[in-house]
Amino acid sequence: MHELAVTESVLNIAVDHANKAGAKRVTDIYLVIGRLASIVDDSVQFYWDIISQNTICDKAQLHFKRMPANILCLDCGNEFPLEDELCPCPSCAGSRLKVITGDEFSLDSIEIEK
């Protein structure tokens with residue numbers, strides 16, 4: 001259900017920027033979603049199709065870019081991609097890990113018609 005809240009935020013940001021740019025309508029929205037972000041593309045699209053109706057973003061195409069997860073081992077400093085589930089560091093078997101990338105969610109850009 002949190003996809004509704006993030007989709008509303010995307011809509012608000014897009015509408016605000018489009019209005020400031022003097023757009024007639026928004027045609028495309030590019031979203032960046034990390035692998036570890038608990039955001040489901042289909043849910044965002046579902047809510048988008050409903051809440052963007054009768055706005056400057058109506059019929060705008062959503063584009064989803066998934067970012068891989070990278071982990072930093074705080075024990076040995078090794079940075080490694082998260083292949084599957086969270087696991088110990090492949091270099092030292094350490095378990096003090098920090099997510100470097102993969103938990104982000106952002107509106108990267110929008111395309112408009114003037």
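Reply: A residue is called buried under 20% relative accessible area, exposed over 50%, and partly exposed in between, with a 1.4 Å probe and protein chains only. This is a predicted model, in which local features need pLDDT of at least 70 and side-chain atom pairs count only at pLDDT 80 or more, while totals for chains, interfaces and linings use all residues. Residues are numbered from 1 along each chain as its sequence is written, and side-chain values use heavy atoms, with hydrogens and water left out.

The whole structure holds four salt bridges, each being a side-chain nitrogen of Lys or Arg within 4 Å of a carboxyl oxygen of Asp or Glu. In one of them, arginine 25 pairs with glutamate 113, with 3.5 Å between the closest N and O atoms. Because arginine 25 belongs to strand S1 and glutamate 113 to strand S6, the pair ties together parts that are 88 residues apart in sequence; strands (E, at least two residues) and helices (H or I, at least four) are DSSP runs, numbered from the N terminus. Arginine 25 is partly exposed at a relative accessible area of 30%, and glutamate 113 is also partly exposed, at 38%.

A further salt bridge joins aspartate 41 to arginine 66, whose closest N and O atoms are 2.7 Å apart. Aspartate 41 lies in helix H2 and arginine 66 in strand S2 (residues 61-67), so this pair ties together parts 25 residues apart in sequence. Aspartate 41 counts as partly exposed at 21% relative accessibility, as does arginine 66 with a relative accessible area of 37%.

Arginine 96 and aspartate 75 also meet through their side chains in a salt bridge, at 2.7 Å from N to O. Arginine 96 is partly exposed, with a relative accessible area of 46%, and aspartate 75 is partly exposed at 41%.

The loop between strand S3 (70-73) and strand S4 (79-81) holds asparagine 78 as well. The side chain of asparagine 78 makes a polar contact of 3.2 Å with that of serine 91; such a contact is a pair of N or O atoms within 3.5 Å, where within protein one must be able to donate a hydrogen and the other to accept it, and residues adjacent in sequence count only if both atoms are side-chain atoms.
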